[in-house]
Amino acid sequence: MEEADAVTSSVSKGVFVFKPSSKKKKRSFEAEDYFPRLHKESASCTTLRGDVYNGLRTNMEDDIGDLSSEISKKLLDDLTKFLQNCHTNTNGKDRSTARGCRTELPTAVLITGVSSPDHSSIFRALVDIFKKRVSPHVIRLTANQSSSLKTLMSAVVGQFIGQEDAMSEDEEEETEEPSSSYVNVRKIPGTMQVLRSWYQANIQTVAPAKKKKTSTPSPSQASHSLVILFEDVGSFVPRVLQDFVHITSQYLPSLPFSFVFGFPTSVAAVHQVIPRSVSSLLRIEKFQTQPALVSLSQIIEMLLLTPNYPFKLGPKVYHLLSDLFLYHSFSVKAFVKGIQVSLMEHFYCQPLSFLCCSSEESPSYVTSLTHTQLELCRSLKSFRRYVESLPPQEQRALLLDDKHAKGVLNDLLEIIYEYHKNFFPVLKCLHHLTSRLPHAPLGRKLRELYGMTLEKHIVEQEGYNQAVGLWRLYAREELMSHLDACIETLSEEEGQLEEISKKLTLYRQQLEALANTGHLPAPKDTSETEEDSTNDQSHLQPRTGKVTLHSLQEQLLVEAKKKKELTKYEVLRHEVVAFLHRVFEKILVAPQSLTLHEIFYFDDVSKIRQYLQAAPRVAVQTALTNPYVYLQNDACKVDPGTVTDALPDICIVYKLHLEYGRLINLYDWLQAFVTVVTGGEEEKKKTKGKKAEAKDEKEVDPQLHARFIRAVSELQFLGFIKPTKQKTDHVQRLTWGGC
Amino acid sequence: MTMSQPLTSTGTWNQEILCRNKQITLLQLLMGKKSHATPPAIFIYGHSSTGKTFVTKKLLKSTEAPHASINCVECYSQRLLYEEILGQLSGQVLCAENNYTRSSRCETMNEFVRLLKIVIEENEWEDQTVYIVLDNAERLRNMEGHILPVFLRLSELSKCNVCVILLTQIIWEKFSATSGYVEPLKIHFPDYSKNELLEIMTLDTPEGFSKAFYSSYVNLLLSVFHMACRDLSELRHLALINFPKYIQPIEKGEATQTDVHKLWRNIEPHLKKALQTLFLREVSSSQWEEYQENDSSSLPPLLSSTTQVELPFYSKYLLIAAYLASYNPAKSDRRFFAKNHGKIQQTKRMKKAEASSQLIGPKVFQLERLMAIFYSIVDVRVTPSAELFAQISSLVSLQMLSQIGSGDQLDTPKFRCCVSLEFIRSVSRTVNFDIMKYLYEFAA
């Protein structure tokens, strides 16, 4: 039930389906058993694909787990510290309570962020951790337990006492006879009196006894505060919560309570729920979970901006996932799910995906490639492009000689591995250089920059050119600090990057030396550099503006001046920028230009959209306007704008209702329906004479009438219309616009 | 409400209670000696922190009369109330052995009166007055209608010498809904005057400081806060959290205890700041201290009114659309959102006739209208996906929108926007949307 509770407390209202848990049966199936055999591949290949997938998936899950525990580590530490200290302080030196001024309930307000699906997992983790570190008496309350004071109190008392029972049964029996301490939790009246006497009987007497036995008490036994976690306090019934706070504060001298309030947005909300008379009983301290945006950046950095995972997202899927996050949910969980789904889909659909493995394993996989698989490789777009660029001799060898092709394949894969290895450190360097530029032509976040590089070669992008223009204006100290950052990111790399790093260090030294040499004629040097920057600006401006005779003249003058005054620093700066540009041009290539990128990059955005971005209303409306999409019946294949009798009744009725205003006259609607349905026959009738027609209009075929009524009630069921009392024989239209 | 504890452990009890001599004498006269008959009910009322509970408890303790004191907030059913009283009088202790239940089950008033008699007989209290103190007695009004009248004439019904003392913050006139009530004896605990507050708060003088010094500090404090707050406990809280700041110059050796002016100049800005956060209690003592040490001129981030709320992009637009739908008349939608809206038909008379929508408050709107406005203010094409609609319900759960009617109403769900103009302006600023241009009231 606990699990079910967590699932159904999501923000989206709806029906939740719980399949009976038959986990034991399902265990026997592994993911690869569900993988289809693509392109007549052998069973072993399918399992290989499954294995690689499983390996990657488990690695990823472990990493995500590590990360999320690390993210919350500081917060948890702070919270535990607060909870551990809140009562020891009040007993001891804390002035306010020591002199008996007032007893305040220590309350930690936890700002949890707006994505509520993530909350229950946070709180579950909190309970576990507090139990380990703070006190064994930790309970969690949810808003649906607050319907009345009675339910809330019995939930509190029941959980505390029930917990203790479970514990004493697990632990040693010497402390107390389990039979004597066992109480039927359900029969206990939920009052604080009960809780107090239970606390005095069980904890205050047991605790010292235990301490004597074990000379070093574990932290869980050191404090015996009663911790209550309130999930989303905003949705608690305010009156009940107020009373509860009131009561607990009365018992605070004998029962060391501490609260943790979960709030999605801000502390200000506390005062919306709790009036002054109650909030003055609380001693509130604020704790903030990490903003969702920061977590997102960390997740992306960990899963995507690393050579550890050969699997990568293509630009479209990457943008879709980050848009879903930024525009819709702010849910880190959903984002991770998105990556996982993409990973699965990639292995599910791409027959060559088993090559998407670590660089050590790939050669063995390549050698085991069968002919058909090689053919698949050859049919890859990027590979064909690669082949076409080669001389004819080579082309033939690649296409016909399997052995040769495997060798080339290995080399090509090696290139991609190398590319991944170099790409991310250099990307980070670029990020260091661009993130603080005015107007941020390349974005302020690493993930934005990554999104850009995925799309197109970064050097060809407009923002990049602007950034380069701005680099040319850097002052010496600025440039040096940026170079330092770059050198630091590259310091642990090897190979190509090491060379870059060395070169950068060299530049850095030169820059440093420049300061030392320029130290002697100091006033001159500084004025020069200042002038340089202004010169640079004036030099850049005419490029964009109109070229008039006057400005040209001026420009030439400036240019002439400048050539003479070009300082040492400026020359060096130019050199550095040019070097950096060469590095970026060489390494930050867009992945699509790489051969065999299809194996590593998953970019089937429509599939992912189908999975993650459900659009129920659009689906219903498409079904009604263009039933061919779902029925695949040729008779329904009509232009969505027209109404014909070939369509199902409900579609006809729906399309007719689109033409009405807010209120729809049922009789008119019926007439229109009859006209459409009998449209073909009517033309024949016209020849028969007016009499028959007039008669026809008055009396509708009962069968048609029934069909119409059924279609209308189906529309009502779908929520497009509803009966109204405003006007007889009318229904109200509820939806507008075709989405 | 007045959960004050013994201020100092020394001295007899009536020396500890200041400024309540009149009330105490009255109570003492009413109670008389142990065997004396007492009025059936005493009704004590007065604002919070005026010493009602404190005085009563002290008095009963000193007379050592048998008594039970109950906080009515806690007893959400009459059974709990009765059993609690009986339990306290008979001195029964709850424990695991008796499964945390009272030995005698008591669910009705009849049984209560019967059991009360038995308890009194068992303890041989026939010649003594038994006191039942009901704190927060206003809660009794919400319980079954007969409870309050019965408590008022409990001595009559039980034929025992029982005195019920009701403590509440509400006047008696608000209790007597129907006739048949026995008028209790009413005792008013008036608010403390400024001088009385000063006298009481001086009791808190920390060790190592003279009473006169602390008294002068409290005087300064009261001069700032007395206008805004007369609640004794709140004031004591303020005095305690600000005192370390006050004596800071002394500890640093920059001033002496007699240097009142210097100390005042030092503390004044801090007290002014504390005045802004009066009653907020957002800052616990430790965080407040930290903030004072930082000495920043601005308030801590959590106290600023426009706290930045992190929302997904479309949620912001949905919220803006909801605000527009709530504060603009539906008629004006065409003018703001349609391309060819025609002439603005708004005469001066019309404008005057309408009261400010900001004063009236948000109006209810339908989901369809919200979506229509949303689509016209968002420039890009947005798929009407399930996520988009889920955001509406997540805004409801964040209490930025409120849903009208039950949540399971599927056709034409209605909402109302609950955020302030200031908040929505700061939200729309983050997405570069000029909301003032779209508000009927503000748009020219």
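**A tour from an exposed lysine to aromatic clusters**

Select A:Lys725: this lysine is exposed, with a relative accessible area of 87% (exposed means over 50%, buried under 20%, partly exposed in between; 1.4 Å probe, protein chains only). The model is predicted, so local features need pLDDT of at least 70 and side-chain atom pairs count only at pLDDT 80 or more, while totals for chains, interfaces and linings use all residues. Residues are numbered from 1 along each chain as written, chains are lettered from A and ligands numbered from 1 in written order, and side-chain values use heavy atoms, without hydrogens and water.

A:Lys725 sits in the loop between strand S9 (721–723) and strand S10 (730–733) of chain A. Helices (H or I, at least four residues) and strands (E, at least two) are DSSP runs, numbered from the N terminus.

Next, aromatic pairs. Select A:Trp669 and A:Phe708: their pair is edge-to-face, 5.7 Å centre to centre, with 85 degrees between the planes. It links distant parts of the chain, helix H35 (residues 666–677) and helix H38 (residues 702–718) of chain A. Rings of Phe, Tyr and Trp (its six-membered ring) pair if their centres lie within 6.5 Å; planes under 30 degrees apart are stacked, over 60 edge-to-face, the rest tilted. A:Trp669 is buried at 0% relative accessible area, and A:Phe708 is buried at 4%.

Finish on one aromatic cluster, whose members include A:Tyr327, B:Phe313, B:Tyr314 and B:Phe433.
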